[in-house]
Amino acid sequence: MSTSGLTGSRDTPLSKIRIYAFGVVVAAVFFVYSVHLFNLQVVNEELYQSRATQVTQRSIPIYAQRGEIFDRSYDTPVVSNIDSFAVDIIPGEVPEERRTDVYRRLAGYLGISEEEMRRRLPPSYAGLYQPVEVKSGLSLETITYLAEHLEDFPGVTWRSKPIRNYVEKESLAHVLGYVGDITKEELQILYNQGYSNGSVLGKSGIEKQYDLILRGQDGKEFRTVDVRGRKVGEALVDEVPPVLGKNIVLTIDRNIQKLCEKALGSRIGTVLVTKPSTGEVLALVSYPSFDPNLFYTADTADAFRRLSLNTSFPFLNRAIQSQYVPASTYKIILTTAILEDEVVSPSKTVFCPGYYNYGDRVFRCHKHNGHGSLALFSGLAESCDVYYYTMGAEYLGIDRIVDFSRRFGLGELTGIDIPGEIPGTLPSPAWKTKTYNARWVGGDTVNMSIGQGYLGVTPIQMANAVSMIVNKGTVYKPHILKEIRDPQTGELLERIEPEILAAAAVRPSTFEAAGSAMRQVITNGTARVVITTKAVNSAGKTGTGEVGMEDHWHSWFVANAPYDAPPEEQIVLVVLVEAANDWEWWAPKAANIILHGIFSKMNYEEVRSTLSTWYLPLQALPQEVQEVR
Amino acid sequence: MKGQSVFAFDILLFVSTLILVTLGIAFIYSSGITSSGEVISTEHIKQTIWAITGVGLLVFFASFDYMTLRRWSLRVYLVFICLLVLTLFLGRVVNYSKSWIGIWELGIQPSEFCKVAMIVQLAHVLDKKNTQLRDLKFFALFFGIAALPMLLILIQPDLGTALVFIPVSIVMFFIAGAKTRHIAFVVLAGLLMIFFTILPYYGMYFGGGNASAMSLFTDKTLSLYLIGAVFMVCALSCAGLFFSKKNYFYWFFYFSLLLFFALAGSFAARSVLKEYQIMRLVVFIDPNIDPKGAGWNIIQSMNAIGSGGLWGKGFLKGTQSHYRYIPQQSTDFIFSILSEEWGFAGCLLVFVLFFIIIVRGLFIIRTSQDRFAAIAATGIVTMIFFHFAVNVGMAIGLMPITGIPLFFLSYGGSSLWSVLISIGLLMSFYIRRFKV
């Protein structure tokens with residue numbers, strides 16, 4: 001490289017062009033920055049303002065009070081809300097050096113494990129200035145203690161968080177259900193219906209079915225927070241007030257419910273009382289049950305686990321979620337079929353020697369030495385198996401049996417307004433081919449004629465079947481919700497009208513005849529010895545279901561009463577006592593107590609002291625319902 | 001002649017400086033106020049003390065004959081080099097870099113003063129060895145004056161401050177009359193180096209780019225082969241130039257050497273740069289790649305500035321700043337809080353004041369009869385301009401995040417003093433522009 005060209009002297013002037021070039025670069029940068037800033041601050045001001053607001057605002061939910069639940073009397077609620085408190089901790093306000101100490105002391109005082117505490121307050125929350133819930137469902141005393149010892153609990157705060165109080169415990173649990181915190185999975189499904197993280201929602205029963213009515217609408221409070229989530233200033237930016245949840249009135253009659261619960265006692269089974277003319281459910285008992293309040297106690301998870309693992313399944317609502325062989329109660333349906341289709345004269349007699357030969361199989365009657373000759377009415381009254389074997393296998397045929405079962409709603413959901421109902425099983429030749437890949441044989445028809453075999457019905461389906469006879473062909477959809485009412489004024493917002501579920505094309509005279517046949521079961525049939533009440537004339541049918549256990553059977557009793565009253569005044573009663581209990585033939589006996597109680601307006605204890613029965617010693621102490629724990 | 005100096009005072013330059021410093025104190029005060037209205041910081045008081053003493057220094061340097069200073073320039077330069085070395089051993093760590101030295105609470109950041117010392121020393125050399133400036137050997141040698149403190153600051157590590165030395169020295173060379181092709185070589189090599197350094201990371205975060213082509217940069221062996229190959233081309237064209245003296249060999253050599261420096265430099269940079277520094281360059285393109293981490297500063301700063309609007313939210317009424325969404329509001333992000341509270345109007349005021357200072361500086365460069373003064377003034381103007389462009393550019397999202405202060409406004413004694421001294425020097429050059 002040469003140094004030729006410019007030979008610089010001390011006073012060689014600097015290149016003006018280069019200075020100007022530098023000046024141009026400077027001016028260009030100033031210009032570009034100004035334009036960019038103008039764009040940022042003036043043109044897009046609103047965009048950045050909304051972003052800035054978005055960054056600094058947090059919305060805090062104001063939970064709406066959940067509606068209360070009443071029984072049909074609409075006097076005192078069966079589910080209410082009681083004042084309760086939740087303890088929160090603001091991790092950022094706990095001094096660093098005392099953190100472990102404070103957490104341990106709080107966990108000890110509130111009775112939660114340190115693991116649980118760590119799960120709720122992981123170390124990553126250390127600098128957080130937002131309250132984190134430690135525990136809810138706490139009493140005023142607990143909070144008072146905390147308030148008095150505040151210096152030991154820096155950063156600890158509390159707030160009111162009402163909890164559900166299930167006044168009528170145990171027997172109503174299956175109807176009412178319970179509530180709990182929303183899970184991640186539930187939130188994914190329900191997000192668009194206004195649920196949010198932290199929502200409390202119904203997990204089963206009425207609480208789940210009518211959650212949207214009960215829950216109201218959570219409000220929102222907007223606050224401005226700084227970068228660590230700390231609330232800035234006292235003034236609220238904005239508020240959306242919550243909408244209270246609506247109160248609901250059930251069709252359940254608290255007194256009948258209690259009577260049924262006690263009449264069933266500590267026996268695994270279920271009792272249903274309905275009004276056939278509307279479909280209203282007056283009582284629904286399923287034993288064993290559970291106490292929904294347990295889910296608010298110290299060891300919620302523990303209580304839940306214990307109940308889930310209980311071998312008698314306390315969470316199962318046996319009235320709608322469990323299917324049983326209908327046994328002899330099914331004979332009502334065959335009786336209707338015989339009368340309607342006139343396949344044989346009701347006066348035609350069949351001789352019962354105590355057994356029935358079909359092909360190379362022998363089917364026994366429950367009376368081993370035989371009933372002798374009997375016709376339709378005495379066949380139902382005595383519940384003679386041989387009569388119905390003969391009718392089913394030789395006169396009706398399987399297709400007609402299935403057809404009539406369908407008309408009575410077997411194998412289909414009743415649509416009752418609590419979640420989890422099952423449809424039961426209505427077998428047919430096609431069903432057997434599909435399910436077992438086996439041909440329907442005559443023996444299957446014989447078996448089904450007395451309600452045994454593959455047949456499975458839910459107690460609510462049997463209640464509907466009896467309702468159909470009472471209403472002479474119409475069944476109303478069973479329901480538990482009666483009214484929706486305003487939580488503050490009590491104003492009636494909506495009344496649930498009866499809804500026809502099924503209308504069978506059967507002559508009313510057929511139902512009339514079937515109903516009088518059921519009346520004879522009580523007056524001079526199998527139930528004569530147990531239905532001793534003089535308070536009401538009833539019609540009904542017993543059933544004894546074979547489940548393959550030695551000396552143990554499902555005990556059924558279905559009834560309607562008063563027998564001679566118009567349908568509007570009648571009730572339908574279904575009692576099922578599972579074979580798992582000691583054999584007492586308890587279903588008709590419980591029915592006797594319940595019918596007596598309802599129609600003489602007595603409670604269980606009064607029934608015990610006035611109803612003279614051979615199976616209930618008068619002086620015996622009232623049997624206490626054992627709690628399933 | 002010295003007697004006239006008082007009357008020849010550059011009043012515009014002085015007033016602009018004072019206004020900027022006052023604004024700085026006001027917004028440092030604002031940044032020390034929490035969301036609940038408490039004043040939690042005493043930074044504004046410290047800054048006031050530094051401002052008053054700093055203006056004293058300004059007046060002192062303005063009235064001081066810079067020719068004396070010029071004679072002492074090498075010694076001053078060496079003292080600060082020594083201080084920088086000392087800082088590496090005895091310094092205190094502030095904001096992750098060992099940049100502070102002193103006893104008890106009294107101390108300085110030598111890197112800030114070193115910029116000024118380097119400018120004076122470089123101006124002295126560029127003026128004295130004027131005739132050799134166009135010679136490649138001296139061109140390279142003079143660069144050492146800037147490179148030595150820059151390397152010492154890089155070790156601290158304070159990438160932002162170190163970077164300032166590059167544009168300052170390049171512009172000084174440029175104005176002093178270095179060969180265009182030499183300047184172009186340095187600028188192009190630097191730009192290419194940055195490009196090659198971040199190229200593979202952009203491929204990684206933004207997709208696109210050919211993966212196997214990227215492995216030329218990410219795979220160590222392949223990178224070394226590539227650098228070796230370029231070096232071979234370089235050596236061959238150098239030999240060609242030596243034997244044939246053909247012009248095209250010269251340009252071949254020129255560009256292959258350029259490529260070699262860029263590749264080797266980027267290779268070195270990738271192994272030296274920390275993950276967070278790379279991420280700053282990545283989020284510069286799209287802050288939402290890492291909104292809670294590296295992109296946080298950009299997003300929050302732009303939210304604050306944009307929400308300020310035309311007239312701002314009012315002094316002490318900013319929300320994003322007082323709720324602490326903006327980090328380092330009194331130092332690196334002082335411009336964000338000003339923009340939020342005073343809006344576009346306030347920003348324009350600051351722009352105008354900076355523009356006046358720089359234009360006055362350019363005027364001094366243009367009119368000074370002394371080459372030394374003109375070149376030194378060039379260094380000072382470039383330094384102030386570079387700080388302004390990088391700091392404001394970063395706050396408004398036009399530049400990647402590099403932690404260098406906004407002169408006059410940002411909190412910090414050393415940077416305030418060094419810039420006030422620089423302004424003092426500018427004034428001294430101005431007063432003595434018609435010197436004999």
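Start with chain A as a whole: of its contacts with a separation of 6 or more, 72% are between residues 24 or more positions apart. Two residues are in contact here if their C-beta atoms, placed from the backbone, lie within 7 Å. What you have open is a predicted model, in which local features need pLDDT of at least 70, side-chain atom pairs count only at pLDDT 80 or more, and totals for chains, interfaces and linings use all residues. Residues are numbered from 1 along each chain as its sequence is written, while chains are lettered from A and ligands numbered from 1 in the order in which they are written.

Colour chain A by secondary structure and you will find 22 helices and 25 strands. Both are DSSP runs numbered from the N terminus, helices being H or I with at least four residues and strands E with at least two. Of the 629 residues in this chain, 41% are buried, meaning that 20 or more other C-beta atoms lie within 10 Å of a residue's own, again placed from the backbone.

**First stop: a sheet in chain A**

Strands count as paired if DSSP finds at least two bridges between them. Now zoom in on β3 (residues 77–82), which runs antiparallel to β7(A) over four bridges. Here Ile82(A) sits opposite Ile163(A).

**Second stop: helix α1 of chain A**

Next, select residues 16–43, the 28 residues of α1(A). Show the side chains of its buried residues: Phe22(A), Val26(A), Phe30(A), Leu37(A), Leu40(A) and Gln41(A). They pack against α2 (45–56) of chain A and also against α7, α13, α14 and α15 of chain B.

**Third stop: where the chains meet**

Show both sides of the contact: 36 residues from chain A and 45 from chain B. On the chain B side, α14(B) gives the most, with eleven residues.

**Last stop: Ile396(B)**

Finally, pick Ile396(B), in the loop between α15 (371–395) and α16 (413–431) of chain B. Is this residue buried or exposed? Ile396(B) is buried, because it has 23 C-beta neighbours inside 10 Å. Leaving out residues up to four places away in sequence, Ile396(B) touches Tyr33(A), His36(A), Leu37(A), Leu40(A), Met302(B) and Ile305(B).

Methods:
A residue is buried if 20 or more other C-beta atoms lie within 10 Å of its own, exposed if 12 or fewer, and partly exposed in between; C-beta atoms are placed from the backbone. The expected span of a helix is 1.5 Å times one less than its number of residues.
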